[in-house]
Every structure is written in structure tokens, then in C-alpha cells.
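Have the model open beside you and try each task before reading its solution.

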Amino acid sequence: MVEVQILSKILQTKSMSIIIDNELNEDYFNSYKEQFDFIQNHFRNYGTVPDKETFLYEFPEFEIIDVEESNQFMVDTIREEYVYSKTVPIINNVADKMKKNSYDAVKYLQGQIEYLSELVSSKNPPLDLIKTAQSRLEKWEEKKEDSSHFYIPTGFQELDELLGGWDREGELAVILMRTSQGKSWLLQNSLIHAWKIGKRVGMYEPEMSSIKTGYRFDTLYGHFSNSAINKGEDAPGYESYIDELKNKDNPFYLIPSTEHLDVPGIKKFIQDNKIEIMGIDGISYLSDYRASRYDSLSTSLTHIAEDLMAISIELKVPILTVVQSNRGDERGRVANKFPDLFNVRDSDGISYNSTLVISGYHENNTMHLKITKSRGSEDNKTIVYYWNIDKGEFRYVPDNQSDEEDENTIEDVRREYEDEEDTSDVF
Amino acid sequence: MECWYKNTCKKVHDGCRCLRYDEMLSLFQQSNIPEGKWNKIELIAGEDHNQFVRLAEIKKDIKSYVQQGNNLYLYSNNFGNGKTSWAIKLMQAYFNQIWAGNRFCRRGVFFSVPEFIDREHIRMSRDDDDFDELRDAIITCDLVIWDDISSIKMTDYSHSLLLNFIDTRFVNKKCNIFTGNLDGELLGKYAGGRLASRIWNGSELIQLNGPDRRGQ
């Protein structure tokens, strides 16, 4: 009965969350294995649960029932049934052996004890931080030796110095800014850097046409005037640049703006294309496959952020996304120009579930960035880049008022502009 | 776009858009120096040669001068002989020395004292966000020019307000450049004893004696 309830619930809500969240698989569906496989394959292939009509066309005998029961009850019940189904053959075997030789029966039972214990033990056994200390040491040594296995550089040296890069063990990084401040540029610049160093990159760009995204790529990578290539004006060297670019093997995959995706869709895209770093230009464009009709936007965005974080950990792919901040920070003074975590538009579940939040604003041709939230690095550090939007160039601006004044970098900047001490004695 | 800064910056530009230009533009825009006085001007020393040499020395090392919290009172019995121009020159020189790594912060503010007092009075009855920001900067920014400090007789309120700002800057060792037409005794009479004492006794004094050269 519970199998029918769960399958009906999936079809009614068009959500696989009860399966994914509780790590259920076909082994739990003894009586309806075929039906379960059909739903799961459809979900894997198309990113959505099949609708009732499709399902009933395949299984006309199946009766979809109304389910009011709680998920927890159904999960507990199906797990108990699963344990029962796995235990019965063992107990039967023990009984059979017992008829012939009780020593053999006990010996057989002893051999099955560990398996039976695992069946009834908690789904996720706790991790002992004390016993696992050695593995932490080994990981630290490995990182010290070569951190490139653990991080993908951000494309901004100063950010890397603070963060190490995007964490490949699980990173949901949020770029938080007001509208039209350069979030997408920043995202794409970082993805391009990953692509340049040989990573397979995926980008979901729901806000722009693929041609415009492509021109941005050319501006950020080749530093061609964005306005010139968009408007078809003179862009010296553009033809030869394209000739060279199209011979490169490493892909930079773009999911076009016409596709509407949810997190399982993103997961499938990452798996199918062996993506190593994924960028999503607007978390709010994703659909919440777990949504029920009573869920608010805030709840849906929280689900999406939770699921993105989960697939980042599972697939070991950093996921970068941009989020718009609300208007709460527009009070004009410098101290308030950086959006804070509470300025995340529509849901604080996004920042709650992210590992990293970089907030920023654009002013005077500069991009000001601040690490507003991070796990394992210093928060609230400010980094400033002089940003030529049209040429896609970011140049670090040192800080001559901080305690750690970087005299060498400042002198480099001065030298670049041929700035010498004014020794003129003309008054 | 014509680069207003091209007479100072020696770099050959393609289109006059660069970090230095933008930093300097931001410093000037935030400084309240009237736009007509942004360009580099050359002054005639005449009988003030020694004073000009000293001012040129300060200018050459203006970054240290400001950071040490020094104060300068440039005064003269005459008008139009370069006091304000020199004050602005020094601020420009300061901007030129600190633009690299400034990150678009406000570092210096120019106030014509009569205008400052006027805006203070207007502010009491009308919001003036720009002025509020300038006013906030008096406490924090590295260098403030108080131009024409004693050209009008001040009310008790204006006097106490100005005294409060200047006193705070002295206490915090923030650099000020004052210009005016009065020496110690007259300064006390017009600006009040306490304020005059801060300026006259707390500043390097440079008196210009040249004639009015406006228009030359």
C-alpha cells in the first residue's frame, strides 16, 4: 500500500523530493518496481516527473490515489517493509539450516549479523571527528602540497588570496548586488578564467540571448570593445581571434535563456556534460521541483539553494550564482553601499544555504567587492577593481589607507601612469 | 572627452580614460573645489619669492605635511595675490601624491568660509544632503582648506560651530590650510579669541605681500 501512496504522491506533487531526500531507490519498491523505474528514468531524462496522463498511458491498471499521509510516515513504513523484505529470506535460511544442523545455522546467522545491523541502523551514521582526525591531517597536507585539486581559482588573484578559490568539495557561492551593478559580468569573468585553465564550464544564462552572452565572452576573454562587437562596428583583430578561438577543444557550455530548469535539470546537465564549475545567472529563474502549491517564493528559493548546495557537494562541482539585493541598502553613504545578508531579495534561505556570499557595487568605473559570508576565510575584506566594462578588464586597485598598505603595488600603479614627483620650481 | 588633467598627467592616453584620471576626477569632484579652479595655474612670485619657495617645499612634500597633521595659515593684507590659489595648489599636489590606491575616497575638502556659514544657515530650514556629506567629511578627511576665514563677522552660533569643527580637527591632528586677510590681533577681533588662537598659534604662518594680480 505504501508504495502506491508514495508513487501517487510523486505524481500528484510532480516532485521527487521524497525519494531524493530520503535516498530511496528501486529496491524499496518490490511490488511496483517497473512503475518506480519509469518515473525515475523520466525524471533523469527530462528533469521532471511525468504527468499523470503519461504515466497512466504506460500503466493503465495503476490507480492513482489521493494521499493525505505525511511523508515521514510513508518513509518510515517503506523502510520497515524494506528491512522486513531483506530479513525474511535470511531468517528462512536460518530456519532451513536449523533443521539440518544448528551449528551451521548459527554460523550462517553470525555471518549475516553485520548486514542486518546495517539494515536497521540509522541512515546516516554520525561521524566521529576524533576518529577521523588523521584523514583531516592528510587532506591538509595534500592541500599544502597542491591546492589546485581542492580549489578552482576565481580569476581574481586578490579574492583567491582570501578564499583559496572556489571550493571543489562543495561551494554554493552567491554574488549579491543591486540590479545593473555587474553581477553577471563578474560571474562570467570567473567562469572564463576557469575555462582558460582547462576546466569544463557550464553556464545557465536565463537573462540574455546566447549571442549577447557570446559577445560578453569575447569582451572578457579577448578584450574587444563590447559596444563595437554588439553594434557591428570596427573591432580590429576580431576575425583572427574567432579563428583561433573556434579551434580550442575545451568547451564552455551555455544553457540558453529559452530553457526553464530546476535543480535536477542542472544536475543532469552537469553530469551529462562532465561540468567542473557551474554558473547560474539568477537563482530566481530556477524552478523548485520540490514546491507544493502552498509554498511561498521564499520557501521555494530556500529549497533551490539547499538543493544546489547538495548537488555541489555530491558532484564536487562549485556552483556560482548571482542574486539581486533589495533596495534596503540604497541610502547613499559609502558604508551602506555594500548589500548585507539581510538584503538578499525574496529569501534569506539563499544566504543561509550558501557557503560564500560576495557582495558588491559599481561606482566610478570600479567594482567594489566584499566577502560578506564565508566558511573558513576572513569576512568583510574589501577588494576594489578598476573596471573597464567595454573592454572587459578588471584591474586591482590597492588600498593606501589600510593598515597593510601595499607600497609595492601602489608604486607599480604610479609607475604605470608615469607619475613622478613634481619637482618643478615654476610656481 | 577632453581630459582636463592632461597638463599634469604625462601619460599618453587613448581616449583619456584611465584609473588615474578617474581617481583624480573623483578626488576633485568630492573636494568642493570650484570646477573653474581645477586646472593647473602658474603664479608670479614677485616680492613673495621666499614665501613661494617655502610653499613649493611644502607642496613637494605635501603628503608628509598632511599626514603629520600640520596646519598652515596663509594671510595677506592685500587681496588677489595667490592665497587661495596656493591653498588649492597644495590640495591638488596632495591629490597627485595619494591618488594611487585611494579607491575613490574623499581625502580633501575646500570650504569658502562665508559660503560654509551661509549653507549652515540654510541647512537649518532645508535639507541639503550634499552639504551634509561635506560637513561629515570635515571630521574625517585628511585635509581641509578654510578659505577666507575672517572675511565676515560671525554670529555666536557660526563662531561656535566653526570653532567646534576646527578644534576637533586640531585635537585629531588633521591638517588644515587657512587663508585670510587678518594678522593675529585682528583675527582675534573678527574670528574670536579662541578660534584665532588655534589658527595663529597652531599653524605655520606665511604672509604674502604681493599686490593684487588678478587678471594678470
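Below are some notes on conventions, then two exercises with solutions.

This is a predicted model, in which local features need pLDDT of at least 70, side-chain atom pairs count only at pLDDT 80 or more, and totals for chains, interfaces and linings use all residues. Residues are numbered from 1 along each chain as its sequence is written, chains are lettered from A and ligands numbered from 1 in the order in which they are written, and side-chain values use heavy atoms, leaving out hydrogens and water.

**Exercise 1.** Describe how helix 5 and helix 7 of chain B pack.

*Step 1.* Find helix 5 at residues 113–123 and helix 7 at residues 156–171 of chain B; helices are DSSP runs (H or I, at least four residues), numbered from the N terminus.

*Step 2.* The axes of these two helices lie 11 Å apart, at an angle of about 110°. Helix 5 and helix 7 of chain B are therefore roughly perpendicular (65 to 115 degrees).

*Step 3.* On the helix 5 side, the contact (heavy atoms within 4.5 Å) includes Phe116(B) and Ile117(B); on the helix 7 side, Leu161(B) and Phe165(B) are among the residues taking part.

**Exercise 2.** Work out the strand order of the open sheet in chain A.

*Step 1.* Nine strands run in the order 5-4-6-7-3-8-9-10-11, with mixed pairing; two strands pair if DSSP finds at least two bridges between them.

*Step 2.* Strand 5 (252–255) and strand 11 (393–397) of chain A are at the edges with a single partner strand each, so one side of each has no neighbour in the sheet.

*Step 3.* Within the sheet, strand 3 (residues 172–177) and strand 7 (residues 319–324) of chain A pair in the parallel sense over six bridges. Val174(A) stands opposite Thr321(A) of strand 7.

Methods. Axes are lines fitted to C-alpha atoms, for helices over the stretch in contact, and angles run from 0 to 180 degrees between N-to-C directions. Angles under 35 degrees count as roughly parallel, over 145 as roughly antiparallel, 65 to 115 as roughly perpendicular and the rest as oblique.
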